[in-house]
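User: Here is a model I'd like to go through with you. Can you take my questions as they come?

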Amino acid sequence: MTVRTALLQGRKLLEQAHVGEPRLTAEVLLMRATGHDRAWLYAHGDDELIEVWWIHYGRYLHQRIKGEPTQYVTGRQEFYGREFRVTRDVLIPRPETEHLVEAALAHGAENILDIGTGSGAIAVTLALETQVRVTATDVSAAALRVARQNAAALGARVDFVACDLGAAFAEGSFDLVVSNPPYIAERYRAGLQAEVRDHEPALALFGGEDGLAIYRRLVPEAIRLLRPGGWLMMELGDAHAVREICAGWNDVEIVNDLAGIPRVLVARRP
């Protein structure tokens, strides 16, 4: 089978399984199987697939058709222009979360804490973009292993700590706290896309019955962790409700994404 035929057949199988973006998905999976980029695939369309490539490609197609997200099949996801390793132990980084990074970069800080780091995408990106001290926490030991691997692979200096929120740290330890907490309401679980609901870690998705459980704990925790005048920045689910939880904070601002959807809350410690 040639590279071109493999792409065509993979696209057809994905289309029949109603997988979104079947052509792109087939390309990504074959790139992973062969170890070559997209330009190589199209420059070598008449080349025969070697056996090991075909075996891997077939397995990847099967996994994707069964509903596993492409990022978990390939073990990779791009975030802020860098490639991060992802496994089923961590949430897949979304482009929308880059707005949280941009907000943090715009305010500047000397000592940053990322709560609930997951893959480490936020912490590693901030460390590489700012060269300041960054610390990251997570309650999941498996997630922290992935985050440490990403930091090492990308050359980022981040201190990773296993703890609940920021429990391991003393009062006033940071001047910026960032977080992308779980914010999907439990009552919406059944209506989620199956590839999200059935494959991404529930611990990183669901924030209690109304989606606000972690915010209710995180906001007062940030008051304890932040130095006077320090900043809290969080990715949002329900912007109105989270803003109410931050009543009493100074300079509260909601940052919208490119689609005009409220995406990040920025607030200064009262």
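**Helix packing, salt bridges and backbone**

Analyst: Glu21 is placed in the loop between helix 1 and helix 2. Helices (H or I, at least four residues) and strands (E, at least two) are DSSP runs, numbered from the N terminus.

User: What are the ground rules for the numbers?

Analyst: This is a predicted model, in which local features need pLDDT of at least 70 and side-chain atom pairs count only at pLDDT 80 or more, while totals for chains, interfaces and linings use all residues. Residues are numbered from 1 along each chain as its sequence is written, and side-chain values use heavy atoms, with hydrogens and water left out.

User: Back to Glu21. What is its phi near?

Analyst: Phi of Glu21 is near 50°, which is positive although the residue is not glycine. Most residues other than glycine have a negative phi.

User: Is Glu21 buried or exposed?

Analyst: Glu21 counts as exposed, at 57% relative accessibility. The classes are buried under 20% relative accessible area, exposed over 50%, and partly exposed in between (1.4 Å probe, protein chains only).

User: Which other residue has a positive phi?

Analyst: Tyr80 is one, with phi near 55°, and Tyr80 is not glycine either. Tyr80 sits in the loop between strand 1 (76-79) and strand 2.

User: Left-handed or right-handed crossing?

Analyst: Helix 1 passes helix 2 in a right-handed crossing. A crossing is right-handed if the near helix is turned clockwise from the far one by less than a right angle, and left-handed if anticlockwise.

User: Which residues meet there?

Analyst: From helix 1 there are Val3, Ala6, Leu7, Gly10, Arg11, Leu14 and Glu15, and from helix 2 Pro22, Arg23, Thr25, Ala26, Glu27 and Leu30. By class, the contact of helix 1 with helix 2 has seven nonpolar, two polar and four charged residues. Contact means heavy atoms within 4.5 Å. Ala, Val, Leu, Ile, Met, Phe, Trp, Tyr, Cys and Pro count as nonpolar, Asp, Glu, Lys and Arg as charged, and the others, Gly among them, as polar.

User: And helix 2 against helix 4, what angle?

Analyst: Helix 2 and helix 4 pack at about 140°, with their axes 8 Å apart. They are therefore oblique to each other, and helix 2 passes helix 4 in a right-handed crossing. Thr25, Ala26, Leu29, Leu30, Arg32, Ala33 and Thr34 in helix 2 meet Trp53, His56, Tyr57, Tyr60, Leu61 and Arg64 in helix 4. The classes in this contact are eight nonpolar, three polar and two charged residues.

User: Switching topic: how many salt bridges in the whole structure?

Analyst: A search of the whole structure finds 18. A salt bridge is a side-chain nitrogen of Lys or Arg within 4 Å of a carboxyl oxygen of Asp or Glu.

User: What does Arg23 form a salt bridge with?

Analyst: Glu27, with the closest N and O atoms 3.5 Å apart. Arg23 is partly exposed at 48% relative accessibility, whereas Glu27 is buried at 6%. Arg23, Glu27 and Arg38 are linked in a network of salt bridges.

User: Which pair links distant parts of the chain?

Analyst: Arg64 and Glu195 meet in a salt bridge at 3.1 Å, N to O. Arg64 lies in helix 4 (residues 51-65) and Glu195 in helix 9 (residues 194-197), 131 residues apart. Arg64 is buried at 7% relative accessible area, and Glu195 is partly exposed at 28%.

User: How far apart are the closest N and O atoms of Arg82 and Glu129?

Analyst: They are 2.8 Å apart, in a salt bridge. Arg82 is in strand 2 (residues 82-85) and Glu129 in helix 7 (residues 121-130), so the pair ties together parts 47 residues apart in sequence. Glu129 is partly exposed at 37% relative accessibility.

How values were computed. Axes are lines fitted to C-alpha atoms, for helices over the stretch in contact, and angles run from 0 to 180 degrees between N-to-C directions. Angles under 35 degrees count as roughly parallel, over 145 as roughly antiparallel, 65 to 115 as roughly perpendicular and the rest as oblique.
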